Structure formats: structure tokens, C-alpha cells
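Please read these notes with the model open beside you.

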Amino acid sequence: MTDFRHDGPVEGPRLLLAHGAGAGSDSPAMEAMTAALVEVGLGVSRFEFGYMAARRAGGGRRPPPKAETMTDEYREAVAALDHRGPLVIGGKSMGGRVASLLADEALDAGHAGGLLCLGYPFHPPQRPDRPRTAHLAALRMPTLICQGTRDPFGGPDEVAGYALSDRIEIAWFEDGDHDLKPRKRVTRLGHADHLAAMAARVRRWVDGLIA
């Protein structure tokens with residue numbers, strides 16, 4: 001049974017978001033991103049994969065399973081979510097990657113109309129020779145990736161060399177790290193500034209999906 005954290009309006013478009021590899025759905029990054037998205041009128045539902053729930057139950061900090069093995073859990077979350085309005089699937093880092101692996105399936109079934117990735121892990125840090133992008137070349141689901149230009153999992157120069165579907169839009173956030181946080185001395189912007197800009201961009205994109 002999937003446990004959800006629900007925030008924002010009950011009616012209207014809703015984002016179903018999974019967490020990253022190292023922290024759960026209540027991590028500071030996910031809390032801040034959720035708050036920003038709710039501020040622009042989007043509903044957000046968060047859930048956790050089984051390995052993270054096991055950690056909370058005292059199972060130790062075991063590493064996450066391979067992303068490909070968690071797609072069934074994401075399918076179960078989509079099926080369990082009681083929402084009749086427009087739905088976008090996705091998540092933070094690994095969570096978005098897992099969602100991307102079943103995105104076209106969800107699109108074809110009419111379960112979701114978009115994919116949102118908040119910091120996509122294009123490759124492991126310092127390993128651009130190991131891209132995680134093969135399935136993104138033929139992706140048919142409308143997709144928005146919000147990525148910091150300083151993200152160790154993939155910056156503009158590296159991503160420009162990938163073969164990505166024309167259904168994928170990338171919103172770059174200047175000097176943002178994997179949580180979209182910039183260095184204030186470089187940009188004169190704080191984390192809240194980038195999160196507000198991210199949320200506004202996501203809102204415009206979602207509105208375009210359902211127009």
C-alpha cells in the first residue's frame with residue numbers, strides 16, 4: 001500500500017513526485033521544492049520507495065536498488081493515487097529517472113500527461129562516460145527537466161551532446177547545484193529565488209499541457 005504526502009489544492013493539476021536516491025520524501029530539498037510548487041497553485045503528492053521506508057523502520061542505510069527495478073513501485077503509486085484531474089509524474093533525481101522509464105507507458109494508458117524531473121541524473125558524478133539517457137532519445141511523453149548549470153549529474157556542455165527527444169524541454173538555472181541552489185556570491189540569488197523561478201516555469205509548462 002502506497003503512503004502519500006499530499007500538499008496544495010485538491011482540484012486541478014497534480015504532480016506525483018518520488019524522492020532521490022539518498023533522502024526521503026521529507027528531505028529539505030523536497031520540502032522546499034514542494035512548497036514552491038504549492039505556492040503557484042499546483043497540487044503535489046509525494047511517496048517513498050520501499051527501500052527508503054525500510055530505512056525509516058531501522059533497516060540501515062542500504063543502497064537503493066537499480067532504477068529499473070523500481071518501476072513497479074511507481075506504477076503502484078500511480079494506480080493508488082486518487083486524483084481525477086490532470087496528472088504529471090516525476091520526481092527529484094532518481095525519482096524522476098524511475099518515472100521516465102515508464103513515462104510512455106503511462107501516457108499511452110492515459111494515466112499521466114507529463115513528466116517532470118527536478119535535477120535529472122544524466123550520469124553518475126564525475127562519470128560522464130556512463131550516461132543514463134538511452135531511453136530519452138525516443139521519449140514521447142511531454143517532459144520538463146529543471147537542471148542547475150553546476151549539477152554534477154549533468155551540466156549544459158555534457159547534456160548538449162546527448163541525443164534527446166524533441167518532447168524534452170530543459171530549463172537551466174544559473175549556477176544551480178543538484179538541488180538548484182546557486183552560490184549567492186556568483187549569482188546574487190538565493191535558493192528561494194531559483195525555486196520560485198522553477199515553480200513558475202513548471203506552472204507555465206503544466207498550463208500548456210492542459211490548455
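1. A salt bridge here is a side-chain nitrogen of Lys or Arg within 4 Å of a carboxyl oxygen of Asp or Glu. Side chains of opposite charge can pair when their charged atoms come close. By this rule the count comes to 13 salt bridges. Asp7, Glu31 and Arg46 are linked in a network of such bridges.

2. Some ground rules come next. The model is predicted, and local features need pLDDT of at least 70, side-chain atom pairs count only at pLDDT 80 or more, while totals for chains, interfaces and linings use all residues. Residues are numbered from 1 along each chain as its sequence is written, and side-chain values use heavy atoms, with hydrogens and water left out.

3. Buried means under 20% relative accessible area, exposed means over 50%, and partly exposed lies in between (1.4 Å probe, protein chains only). Helices (H or I, at least four residues) and strands (E, at least two) are DSSP runs, numbered from the N terminus.

4. Arg140 forms a salt bridge with Asp108, and their closest N and O atoms are 2.9 Å apart. Arg140 lies in the loop between β5 and β6 and Asp108 in helix α5 (residues 103–109), so the pair ties together parts that are 32 residues apart in sequence. Arg140 is partly exposed, with a relative accessible area of 42%. Asp108, at 53% relative accessibility, counts as exposed.

5. A second salt bridge joins Glu169 to Arg201, with 2.7 Å between the closest N and O atoms. Because Glu169 lies in strand β7 and Arg201 in helix α8, this pair ties together parts that are 32 residues apart in sequence. Glu169 is partly exposed at 34% relative accessible area, and Arg201 counts as partly exposed at 22%.

6. Where is Asp175 found? Asp175 is in the loop between β7 and α7 (184–187). With a relative accessibility of 5%, Asp175 counts as buried. Its side chain meets that of Arg183 in a salt bridge (2.6 Å, N to O), and Arg183 is partly exposed at 32% relative accessible area. Contact means heavy atoms within 4.5 Å. Not counting residues up to four places away in sequence, Asp175 touches Thr149, Arg150, Lys181, Pro182, Arg183, Val186 and Thr187.

7. Helix α1 (residues 28–39) can be checked for length. The expected span of a helix is 1.5 Å times one less than its number of residues. The 12 residues of α1 should therefore span 16 Å, and its end C-alpha atoms are 16 Å apart, which agrees.

8. Which residues of α1 are buried? They are Ala29, Met30, Met33, Thr34, Ala36 and Leu37. Seen down the axis of α1, these buried residues fall within an arc of 165°, so they line one face of the helix. The arc is that of the directions from the helix axis to the C-beta atoms. An α-helix has 3.6 residues a turn, so residues three or four places apart point the same way. Pro28 and Glu39, on the other side of α1, are exposed. The buried residues of α1 pack against β1 (4–7), β2 (14–18), β3 (43–47), β4 (87–92), β5 and α8 (191–210). After α1 comes Gly41, whose phi is positive, near 90°.

9. In strand β6 (residues 143–148), six of its six residues are buried. Two strands pair if DSSP finds at least two bridges between them. Four bridges join β5 (residues 114–118) to β6, and these strands run parallel. Leu115 stands opposite Thr143 in β6. Six bridges join β6 to β7 (residues 168–173), which also run parallel, and Cys146 stands opposite Ala171 in β7.

10. A nonpolar core is a set of buried Ala, Val, Leu, Ile, Met, Phe, Trp, Tyr and Cys residues joined through side-chain atoms within 4.5 Å. Of the 32 residues in the largest nonpolar core, Leu16, Phe49, Tyr74, Ile89, Leu115 and Met141 touch the most other members. The elements that give two or more residues to this core are β2, α2 (50–59), α3 (71–80), β4, α4 (94–101), α5 and β5. Apart from this core lies another, of 22 residues, among them Leu15, Met33, Cys146 and Phe173.
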